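Please walk me through this structure. I would like a short report on its nonpolar core and its salt bridges.

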Amino acid sequence: FFFLMIRRPPRSTQSRSSAASDVYKRQHIFFLESVLACALVSFGQQLAWNEGVPIDRLFDEAKFLYDLLKHEFITRQSLQTIEDLQNILNFMERRGMLTQSNNKVKVAEQSGDLGINYLCSLLWPFIDSYWVTAVFMMSLRKSQQGLTKAKMLEQVQWFADTLYEEKVLVHFESCSMDTFKNAYEQFKEMNLLKTDTIVNPKTNTTESVVRILAKEEELKKIEEHISSLQKGAFAKTVNSPIDLSLIHISEPTRLLSISYAVFCLKKKKPFQMNKLET
């Protein structure tokens, strides 16, 4: 099989979005295949490589990821039905990346690893960005801190930069402001957050602040679902290297190259993924 290598866009900031990002969206010709690959490997070694993943369960996972990242890419095809999934599966099977048998799908022996890993690598940075945004939203809900959208996105990017420097995140592209903006819009569509207009008593002016609508349990469920699709979840199936849960993020002391802040993390309890149930 043959893949067209596409250079990833440079990282963008709050004040300057990269024009290359929009071009990249329009050039990602393997988005659906990448969605399916990430969904497949998220089931772990035993199912994705050995036993096979039932097509209906694969569709549910692929549809979740497709809907989550729909703001990131422009595609001619969609993933709305089992028939759409089957077309992608047939294409990938012809390319020797996976096999289908008894309504189950698994990575093809010998020839499938390279293609599947490449496809996953195209989306893993984006998945990390959405995970970071979800984790930050959990902290914001607990603190009930009133932040404008711009301030929230600025702090999400700062948080991602910190996690990248600490090697919790492995992809530099996961710190892209463009992706955080898209994640914000997606979570807004999912009714997890909204923007309220309030009057600032100090300046007597109106300003828009972000309010988290989702309950803590709902946010935790979303965060864990996204986490199960990350590269770390695939590598260790259940015990991911990103095995931390956010408690609190403090305000940076100053927005300079050297800045001090505190974010508290605790180890997650062992998480038994429902997808591994037979």
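The report below covers the model, its core and its charged pairs.

## About the model

This is a predicted model, in which local features need pLDDT of at least 70, side-chain atom pairs count only at pLDDT 80 or more, and totals for chains, interfaces and linings use all residues. Residues are numbered from 1 along each chain as its sequence is written, and side-chain values use heavy atoms, with hydrogens and water left out.

## The nonpolar core

In soluble globular proteins, nonpolar side chains tend to be buried together. A nonpolar core here is a set of buried Ala, Val, Leu, Ile, Met, Phe, Trp, Tyr and Cys residues joined through side-chain atoms within 4.5 Å. Buried means under 20% relative accessible area, exposed over 50%, and partly exposed in between (1.4 Å probe, protein chains only).

The largest such core has 76 residues. L123, M152, F187 and I226 have the most contacts inside it. Helix α6 (residues 112–143) gives the largest share of this core, 18 residues. Helices (H or I, at least four residues) and strands (E, at least two) are DSSP runs, numbered from the N terminus.

Side chains of opposite charge can pair when their charged atoms come close. A salt bridge is counted when a side-chain nitrogen of Lys or Arg lies within 4 Å of a carboxyl oxygen of Asp or Glu. The count comes to 8 salt bridges.

One of them joins K149 and E185, with the closest N and O atoms 2.9 Å apart. This pair links distant parts of the chain. K149 sits in helix α7 (residues 149–165) and E185 in helix α8 (residues 177–189), 36 residues apart. K149 counts as partly exposed, at 31% relative accessibility. E185 is also partly exposed, at 27%.

## A bridge between two strands

D196 and R211 meet in a salt bridge of 2.6 Å, N to O. D196 lies in strand β4 (residues 193–200) and R211 in strand β5 (residues 205–212). The two residues are 15 apart, and the pair links distant parts of the chain. D196 is buried at 18% relative accessibility, whereas R211 is partly exposed at 38%.

## A bridge within one helix

The side chains of E223 and K220 form a salt bridge too (3.5 Å, N to O). These residues are 3 apart in helix α9 (residues 216–227), so about one helical turn separates them. E223 is buried, at 1% relative accessibility. K220 is partly exposed, at 22%.
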